[in-house]
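Come along and look things up with me.

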Amino acid sequence: MSENAHDTPAASVTAMVDHVLALAATWTAWDGTPAPVDDRVYTPHKAIRRVADHMIDHLAELEARLAGEEPRPDHWHASAITTEADRAPFTEEDLDEARSRLTRLARIWANRLDALTPEQLDHSPGEGWSFRELARHLAGSTYYADALGDLS
C-alpha cells in the first residue's frame with residue numbers, strides 16, 4: 001500500500017488497518033491450513049499478531065525518539081515463528097477483538113501523526129526513517145493480511 005499525493009501519513013496507517021480488517025472479516029472461513037508465503041507460513045491469528053506488533057514496535061520507536069530517548073530494541077520473534085495460538089481457529093469473537101485492537105492502535109497512530117508538524121514528519125529526531133517514512137513503512141503491514149487474502 002503506498003501513500004499518494006493526497007494521503008497523509010495518518011491516512012496511510014488507517015487505510016492499512018481498514019484493508020487488514022476487510023480481509024480478516026473473511027477469515028472465519030479459514031480451514032486451518034497455514035498459507036505458505038515466501039519462506040514463512042501465515043494464519044489469521046499470526047497476521048493479526050504481526051500487524052499489531054508492528055504497529056506497537058514502531059509507535060514505541062516514534063515516542064522514544066520524540067522524547068529524546070534511544071528506542072528500545074524489540075525482541076519479537078516476528079513472523080519467523082508460528083505459535084500454537086497462531087494455529088487456533090479464527091472465530092467471530094477473534095474478529096471482534098482484532099477490530100477493537102487494530103482500530104484503537106490506528107487511532108493512536110493517526111492522532112500522533114496528525115499532531116506532528118510537516119518539519120517533524122520529514123526531519124524527525126533521532127536515528128532512522130523520518131516519521132513520514134515510518135508511516136509509509138507501516139502501511140506495508142498489509143503484507144501479513146495479503147498472505148492469507150480473501151477467504152470468502
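**Entry 1: an arginine and its neighbours**

I began with Arg 50, which touches Ala 78, Ser 79 and Tyr 144 when residues up to four places away in sequence are left out. Before going further, I noted that this is a predicted model. I looked up where Arg 50 belongs and found it in helix α2. Is Arg 50 buried or exposed? I read a relative accessibility of 6%, so Arg 50 counts as buried.

**Entry 2: another positive phi**

I turned to Asp 38, where phi is near 55 degrees, a positive value in a residue other than glycine. Asp 38 sits in the loop between β1 and β2. How accessible is Asp 38? I found 67% relative accessibility, and since exposed means over 50%, Asp 38 counts as exposed.

**Entry 3: Trp 76**

I went back to the loop between α2 and α3, where Trp 76 is also placed. I noted 37% relative accessibility for Trp 76, which counts as partly exposed. Which residues does Trp 76 touch, not counting those up to four places away in sequence? I listed Asp 53, Ile 56 and Asp 57. I then took a distance along this stretch: Trp 76 and Arg 87 are eleven residues apart in sequence, and their C-alpha atoms are 18 Å apart in space.

I searched the whole structure for aromatic pairs, and the count came to four. I looked at the pair of Tyr 42 and Tyr 143: the ring centres are 6.0 Å apart and the planes stand at 85 degrees, so this pair is edge-to-face.

Tyr 42 has 1% relative accessibility and counts as buried. Tyr 144 is buried too, with a relative accessible area of 12%. Tyr 143 is partly exposed, with a relative accessible area of 32%. Tyr 144 ties this entry to my opening one, as it is among the residues that Arg 50 touches.

What sits over the ring of Tyr 42? I found the charged end of Lys 46 there, 5.1 Å from the ring centre.

**Entry 4: α2 beside α5**

I fitted in a look at helix packing. The axes of α2 and α5 come within 11 Å and cross at roughly 175 degrees. Angles over 145 degrees count as roughly antiparallel, and α2 and α5 are therefore roughly antiparallel to each other. On the α2 side I noted contact residues including His 54, Met 55 and Leu 62, and on the α5 side residues including Phe 131, Leu 134 and Leu 138. By class, this contact has six nonpolar, three polar and two charged residues.

While I was at α5, I looked up Glu 133, which is placed in that helix. Glu 133 is partly exposed, with a relative accessible area of 38%. Its C-alpha atom is separated by 8.0 Å from that of Asp 122, eleven residues away along the chain.

**Entry 5: α1 beside α3**

I finished with another helix pair. The axes of α1 and α3 come within 8 Å and cross at roughly 170 degrees. That makes α1 roughly antiparallel to α3. Among the residues in contact I noted Val 13, Val 17 and Leu 21 of α1, and Leu 95, Leu 102 and Trp 109 of α3. How many residues of each class make up the contact of α1 with α3? My tally reads 14 nonpolar, two polar and three charged.

Note on methods
Residues numbered from 1 in each chain as written. Predicted model: local features only at pLDDT ≥ 70, side-chain atom pairs only at ≥ 80, totals over all residues. Heavy atoms only, no water. Helix = DSSP H or I, 4+ residues; strand = E, 2+ residues; numbered from the N terminus. Buried < 20%, exposed > 50% of the residue type's maximum accessible area, 1.4 Å probe, protein only. Phe/Tyr/Trp six-rings, centres within 6.5 Å; stacked < 30°, edge-to-face > 60°. Lys NZ or Arg CZ within 6 Å of the ring centre and 35° of its normal. Axes fitted to C-alpha atoms, helices over the stretch in contact; angles between N-to-C directions. Parallel < 35°, antiparallel > 145°, perpendicular 65-115°, else oblique. Contact = heavy atoms within 4.5 Å. Nonpolar A, V, L, I, M, F, W, Y, C, P; charged D, E, K, R; others polar.
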